[in-house]
Amino acid sequence: MTHAATAVPAAPKSAAQATVPARAPLLSVNNIEVVYNDVILVLRGLSLEVPEGEIVALLGANGAGKSTTLKAISGLLKTEDGEVTRGDITFAGERINGIDPDAIVRRGIFQVMEGRRIIGDMTCQENLRLGAFTRSDGAVKNDIDMVYHYFPRLKERTGLAGYLSGGEQQMLAIGRAMMARPKLILMDEPSMGLSPLMVKEVFSIIQRINRDLGVTILLVEQNARMALQAAVRGYIMESGKVVLDGTAEDLKNNEDVKEFYLGGGNEERKSFKNLKSFKRRKRWI
Amino acid sequence: MNFELLFQLLINGVIVGALYGVVAMSFVLIYKASRIVNFAQGEFLLIGAWTCWWLLTSWQLPFWIGFPITLAFMMAFGILLQVVVLRPMIGEPIISVIMVTIGLSIVFQALMKWIFGVFAKPFPPIFASQTMSIFGLDVQTVYIASLVVSLLIMAGFGWFFKYSKMGLAMRATAFDQQVAQSLGISVRQVFAMSWAISAMVSAVAGVVVGVVNGVSSALSFFGIKVFPAVILGGLDSVVGAVLGGLIVGLLENFAHFIDSQWLNWGNMYEIAPFYVLIIILMIKPYGLFGTKDIERV
């Protein structure tokens, strides 16, 4: 697997983490193809690797197939009539494609779905206990306290989770993922619909969880700037493929990424017409 | 006005209503977990009651052995039914699934008649004393036992859904199947469990009614009576099912009282719940306790 930007030396900030000698990655997705309803080809030969202990960002425009990638990994694709028709998904050395989603959770992959998807007619505590559904050890109570330690404001909310604010629901969704004690959390757009302040808070918590608990995180985001700040490395997707990958620093400094995902870019503002033709010429591929 | 009769009928109403509530709960359980309207709920009572009756009479087992065996059998039966008949129906149009449950109801009904005959058969006596005296009223022991059993089942349901892991998983599945799967819950297992528990609880009700009235295919009439109870309470509310059951039980007996005292039309008690059902649904289309989703984006 070689992509354009991998060879560029890493910038100082992430160097410590990024130059750790290459271990076998915790998760590797190798050249997968995903088809919905037997006819709609969504992913066409996507490959990516998530090393243990890192935050990896997966960026791309709407409809590029980011969420589909996460669902392919977590097995939830099955619930939407999708199927991995080619390629391998390997987690901790074992091939996991085609396995039922509940078995995948038991293996240590937990997806925080897009739009939070907390259980609205249950309390926070019940939601958290459900996060630990696959566990049978006695430490669940302790872990609930641990989640409350990370999200003190959830402890004050005793009513139904459906009445929480968007940010609180996102915190609950992340806390619920922590309850499963996963090795890898797949996070689908944690910033969706949140105020800029709340986005900052959520991202700092994601980083803290990664640091404190050693959980590996694969992060799908529209907010490329925040994602690249939090992540060690990133992948950029376009129409079902990875078109660019590298360390977060490299991606942040890449002219094309600046142009398309971070805004600003190098020169003066272009007219929309020019931008479109530019886009057509340089469609990454 | 005959107050003693009224009082007697109201007590009757509570006892029968509690049983309706229990059956309604097991109906709601299946509906909540898998969105299947189970028209064969009444046949669960019938099968449970016949099984227990058979164990107690043909095998001469004492009640405390025969009853648990019945429950174990009904649990296995519920799982088997779900896995063999209803699992392949997942994702099919709702009307097909309803047709399947109606078909099951007819098949079981006929099967039971074929095996055990069409006449009501009494249970062997279970309690040493037939009547107890409460507040100066002679009440049959089986009625008290039936009320106690109903209340225990209701308390059990309450505990199950609030505190047990499986209960939480069922609620999660009812709320959103995809999310439940993302939490590591096996939806198939939840469906199978919901049928197992539903069949088991219905069988308890079936045995209780059988002990009181004798076992016959009239038992499956409970399956029909459950509809006003369930719709009254709201299709997806367990608490609503219990209250709906109680309301229907009380209404029936109250209607019976009015009918026997003044109207003398006969059969009032069978149709009164359905009239009230229509009126309540005109005012509250979701039923008394049916939930509308909390929407917050």
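This is a predicted model: local features need pLDDT of at least 70, side-chain atom pairs count only at pLDDT 80 or more; totals for chains, interfaces and linings use all residues.
Residues are numbered from 1 along each chain as its sequence is written, chains are lettered from A and ligands numbered from 1 in the order in which they are written, and side-chain values use heavy atoms, with hydrogens and water left out.

Biologist: How many residues of chain A are in contact with chain B?
Modeller: Contact means heavy atoms within 4.5 Å. By that rule chain B contributes 21 residues, and on the side of chain A the number is 34 residues.

Biologist: What area is buried between chain B and chain A?
Modeller: Buried area is the accessible area (1.4 Å probe) that two parts lose on being put together, summed over both. Carbon and sulfur atoms give 57% of the area between chain B and chain A, which comes to about 2500 Å².

Biologist: Which residue of chain B forms a salt bridge with A:Arg117?
Modeller: A salt bridge requires a side-chain nitrogen of Lys or Arg within 4 Å of a carboxyl oxygen of Asp or Glu, and three are counted between chain B and chain A. In the one formed by A:Arg117, the closest N and O atoms are 3.1 Å apart, and the partner is B:Asp176.

Biologist: Which helix gives the largest share of the side of chain B that touches chain A?
Modeller: Helices (H or I, at least four residues) and strands (E, at least two) are DSSP runs, numbered from the N terminus. Helix H5 (141–163), helix H6 (165–175) and helix H7 (177–182) of chain B each supply at least two residues of that side. The largest share, six residues, comes from H6(B).

Biologist: In what order do the four strands of the open antiparallel sheet of chain A stand?
Modeller: Two strands pair if DSSP finds at least two bridges between them. Strand E2 (40–50) and strand E5 (94–95) of chain A each pair on one side only and are the edge strands, while E1(A) and E4(A) pair in the antiparallel sense over eight bridges. The order is E2-E1-E4-E5.

Biologist: Which residue takes a positive phi in the hairpin of E4(A) and E5(A)?
Modeller: Strand E4 (residues 82–91) of chain A pairs with E5(A) in the antiparallel sense over two bridges; in that pairing A:Thr90 stands opposite A:Arg95, and the bridge partner of A:Phe91 is A:Glu94. The hairpin has two residues between the strands, and the residue with a positive phi near 50 degrees is A:Ala92.

Biologist: Why is one side of E6(A) and of E10(A) left without a neighbour in the sheet?
Modeller: The six strands of this open sheet follow the order E6-E7-E8-E3-E9-E10 in chain A, with mixed pairing. Strand E6 (109–112) and strand E10 (241–247) of chain A stand at the edges, so one side of each lacks a neighbour, each having a single partner strand.

Biologist: Which residue of E7(A) is the bridge partner of A:Phe110?
Modeller: E6(A) and strand E7 (residues 184–188) of chain A run parallel and are joined by four bridges. The bridge partner of A:Phe110 in E7(A) is A:Ile185.
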